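Welcome! Take a moment to look over the chain, and then let us walk through its folds together.

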Amino acid sequence: FGIGLPDDETIASYLQECARANGSAPPLAVYNFGRQAYFSSQELILFQELLKAGFAPQAAVFIDGLNDFYEAEGQPWFTKRLRRLWAGEDRPSLLDNVPMVWAAHRASRHWKKPQPQKATDYADPVVLQDIIDRWLANKKMIETIAGRFGVRTIFVVQPAPTYKYDLRYHFLLNSDAEYSYFWPRGKYGYALMENLRAQGKLGPNVLWLADMQQDKRENLYVDAVHYNAPFSRAIAAQICGFLEQPGHR
């Protein structure tokens, strides 16, 4: 999506530059369909809707990992809040959307020490495997639908801060505990996914970038989880190179 960056510094924009530089024939036009907090189940639906509306691309690139592990039940990000709203348990103020008020709330959350979450299944291999199985099922359905429409698919397993990255260089994250307050399962889920990858169970159209941060001694983020411009460019270059490999053209 590119949160925290101008439009010309997103992964999609850098992928467009890379495609042009490599002289793709015919020239590729890259479209960014990123959505805040989306995960693979929502991406499957969006992909179907785009195809149904007549938009069939040459290739579709899905960048996943972080958000799939956020909610074990596979519910969209705002589901719980919407349920509270319908039940009358959550009454937001009209002032919440005023920029200064929103900024104050965000600053307050940043400086407030995160409290431990109640759930205890963050490292439960059964729960993590269920999440991975859901991602694999969504991947299979996307591949099946894409095949009928003649669309190539690439699935990128994205870098995440607590997986093979030295957090001492993450200037906008105070500690591993702070990250784990919001995205605690990914750290453990990625390790399981890497085992599946080693066994060849993720598929040949998966681009594994989860360990891309290893040994990097620099800040790579604009906030807790979203990439800065240089890292977005580096990710785009990896995707571009993968698309250019024999068998992916």
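## Overall layout

Helices (H or I, at least four residues) and strands (E, at least two) are DSSP runs, numbered from the N terminus. Along the sequence, the protein chain then reads as α-α-β-α-α-α-β-α-α-β-α, with eight helices and three strands. This is a predicted model, in which local features need pLDDT of at least 70 and side-chain atom pairs count only at pLDDT 80 or more, while totals for chains, interfaces and linings use all residues. Residues are numbered from 1 along each chain as its sequence is written, and side-chain values use heavy atoms, leaving out hydrogens and water.

Buried means under 20% relative accessible area, exposed over 50%, and partly exposed in between (1.4 Å probe, protein chains only). Contact means heavy atoms within 4.5 Å. Among contacts in the protein chain with a separation of 6 or more, 76% join residues 24 or more positions apart.

## Helix H1 against helix H8

Let us begin with helix H1 (residues 11-21) and helix H8 (residues 229-244), whose axes lie 8 Å apart at an angle of about 50 degrees. Axes here are lines fitted to C-alpha atoms, for helices over the stretch in contact, and angles run from 0 to 180 degrees between N-to-C directions. H1 is therefore oblique to H8; angles under 35 degrees count as roughly parallel, over 145 as roughly antiparallel, 65 to 115 as roughly perpendicular and the rest as oblique. The crossing of H1 and H8 is right-handed, a word used when the near helix is turned clockwise from the far one by less than a right angle, with left-handed for anticlockwise.

On the H1 side, the contact is made by Ile11, Tyr14, Leu15, Glu17, Cys18 and Ala19, and on the H8 side by Ala229, Ser232, Arg233, Ile235, Ala236, Ile239, Cys240 and Leu243. Sorted by class, the contact of H1 with H8 has eleven nonpolar, one polar and two charged residues (Ala, Val, Leu, Ile, Met, Phe, Trp, Tyr, Cys and Pro count as nonpolar, Asp, Glu, Lys and Arg as charged, and the others, Gly among them, as polar). The buried residues of H1 are Ile11, Ala12, Tyr14, Leu15, Gln16, Cys18 and Ala19, and their cover includes strand S1 (59-64) and H8. Ser232 of H8 is itself buried, at 3% relative accessibility. Leaving aside residues up to four places away in sequence, Ser232 touches Leu5, Glu9, Thr10, Ile11, Tyr14 and Tyr227.

## Two partners of helix H5

Helix H2 (residues 40-52) packs with H5 at an angle of about 10 degrees, their axes 9 Å apart. That makes H2 roughly parallel to H5, and their crossing is left-handed. In H2, Ser40, Ser41, Leu44, Phe47, Gln48 and Leu51 meet Arg134, Trp135, Asn138, Met141, Ile142, Ile145, Ala146 and Phe149 in H5. The contact of H2 with H5 divides into nine nonpolar, four polar and one charged residue.

The axes of helix H5 (residues 125-149) and H7 come within 10 Å and cross at roughly 60 degrees. H5 and H7 are therefore oblique to each other, and their crossing is right-handed. Pro125, Leu128, Gln129, Ile132 and Trp135 in H5 meet Tyr188, Gly189, Leu192, Met193 and Leu196 in H7. This contact of H5 with H7 has eight nonpolar, two polar and no charged residues.

## Aromatic rings

Rings of Phe, Tyr and Trp (its six-membered ring) pair if their centres lie within 6.5 Å; planes under 30 degrees apart count as stacked, over 60 as edge-to-face and the rest as tilted. By this rule there are eleven aromatic pairs. One of them joins Tyr190 and Trp208, with ring centres 6.3 Å apart and planes at 50 degrees, so the pair is tilted. Tyr190 lies in helix H7 (residues 186-198) and Trp208 in strand S3 (residues 206-208), so the pair ties together parts 18 residues apart in sequence. Tyr190 is buried at 1% relative accessibility, and Trp208 is buried at 8%.

Ring pairs also link Phe47, Phe62, Trp135 and Phe155 into a cluster.

## Two loop residues

Lys164 has a positive phi of about 55 degrees although it is not a glycine. Lys164 sits in the loop between strand S2 (152-157) and helix H6 (176-182), and is partly exposed at 32% relative accessibility.

Asp215, also not a glycine, has a positive phi of about 70 degrees. Asp215 is in the loop between S3 and H8 and is exposed, with a relative accessible area of 63%.
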